[in-house]
Amino acid sequence: MSDIVVLSATRTAIGTSHKGSLRETPAETLATIVVGESVRRAGVAADQVDDIVLAESLAGGGVLARYAAVANGMTHVPGHAVNRHCAGGLTAVGIAAAQIAAGMANVVVAGGVHSFSMAPELRWRVPGSDRPRTGMAPTFPHTESANDDVTIGVGWNTAQEAGITRDEMDAWALRSHQRATAAIDNLTFADEIVPVPGIDRGGAAISFAVDEHPRKNTSLQTLTALAPLHPEIPGFSITAGNASGINDAAAALVLATPEVADATGGTPLARVRAWQSVGVEPHRTGFGALDAISKILDRTGLTVADIDLWEINEAFASVPVAACRLLKIEEERVNVHGSGCSLGHPIAASGARMLTTLIHELGRRGGGTGIASMCAGGGMGGAVLVDVE
């Protein structure tokens with residue numbers, strides 16, 4: 001099987017949904033821009049691209065990867081839509097890597113795009129109930145212990161099982177904001193962000209290129225003062241502060257064979273070494289990230305000590321806290337520039353965004369091995385392992 005190298009890794013800045021700079025930017029626009037720029041930065045010709053694999057969620061139909069292909073003049077590229085909720089962006093990279101490893105493709109663009117601001121809302125009913133629901137269609141049978149409230153099913157259940165306190169989650173969330181705002185101030189993300197059209201608070205057109213969700217003035221006092229999202233549940237500890245945001249963004253990576261990389265004359269950013277997806281009981285969704293990590297380490301023969309940096313999505317702060325506690329991961333190596341609690345969580349784009357940030361950070365540090373992992377709604381999880389020389 002062929003090695004798989006990463007020729008470029010790009011993303012848009014992350015907008016706050018419904019009131020942020022991307023509130024009127026359609027998902028197809030985000031996809032078109034980030035795919036086009038990722039191909040340009042990779043140094044490959046458009047006619048060399050064999051496929052585009054993009055995760056999408058709540059898109060209301062269509063194939064955004066095909067849209068981006070045609071919009072960028074690549075009518076020969078079919079496009080592939082992936083939906084594995086939060087882990088979709090990582091799954092898209094795994095699918096692209098598998099095509100190349102099997103010798104079925106030489107160049108594949110992979111990533112994800114999500115616009116909460118512009119996505120249609122579905123309306124449905126829980127079987128046996130007259131109570132209407134809006135949002136995502138169900139991914140698993142509704143039960144009392146595994147209902148469609150992700151605040152409970154992911155954040156709270158994970159905290160309960162792992163014995164995580166609210167103080168621990170609030171402290172993690174605070175550090176996430178501190179790290180993200182420091183990275184923004186230091187222009188750490190400048191090399192990975194592709195500017196896209198947006199609008200400011202007053203409705204004027206802007207070029208949007210700076211993550212807007214992190215709060216520089218967040219303090220522990222502010223976080224601890226927030227009310228729990230389910231005050232009717234005794235001891236409930238999940239708040240808007242130790243949970244992820246609702247966001248808009250896109251990210252894309254160009255994967256290729258080493259021969260293509262040699263022909264471009266550039267140096268690959270990274271090598272995709274392994275990828276895994278898992279399923280867990282729906283009420284234990286938060287542990288999908290942990291199980292994906294365990295599975296990818298087992299398949300590669302590596303240990304936690306072999307991994308230099310980690311991206312473990314903060315869908316809820318309880319997830320990375322649980323991973324660090326139960327898998328014995330050093331907290332200082334996890335989400336070094338923030339994650340969902342601060343940067344935000346544009347569902348289908350988050351996995352590719354995390355991988356993009358991870359690859360660029362490993363490059364700044366002179367190389368190393370990293371894992372991006374996340375849980376996904378309905379009891380799923382995914383992980384991708386990369387090496388940077």
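Strand 13 is mostly covered, with nine of its nine residues buried (under 20% relative accessible area, 1.4 Å probe, protein chains only); strands here are DSSP runs of E, at least two residues, numbered from the N terminus. The model is a predicted one, in which local features need pLDDT of at least 70 and side-chain atom pairs count only at pLDDT 80 or more, while totals for chains, interfaces and linings use all residues. Residues are numbered from 1 along each chain as its sequence is written, and side-chain values use heavy atoms, leaving out hydrogens and water.

In a regular strand the side chains alternate between the two faces of the sheet. Here, Gly 368, Gly 370, Ala 372, Met 374 and Ala 376 point one way from strand 13, and Thr 369, Ile 371, Ser 373 and Cys 375 point the other way.

Strand 13 has partners to look at, too. Strand 12 pairs with strand 13 in the parallel sense over four bridges (pairing takes at least two DSSP bridges), and Trp 310 has Ile 371 as its bridge partner. Strand 14 runs antiparallel to strand 13, joined by nine bridges, with Val 386 as the partner of Gly 370. Three residues sit between strand 13 and strand 14 in a hairpin, and Gly 378 in the turn has a positive phi of about 90°.

Methods:
Buried < 20%, exposed > 50% of the residue type's maximum accessible area, 1.4 Å probe, protein only.
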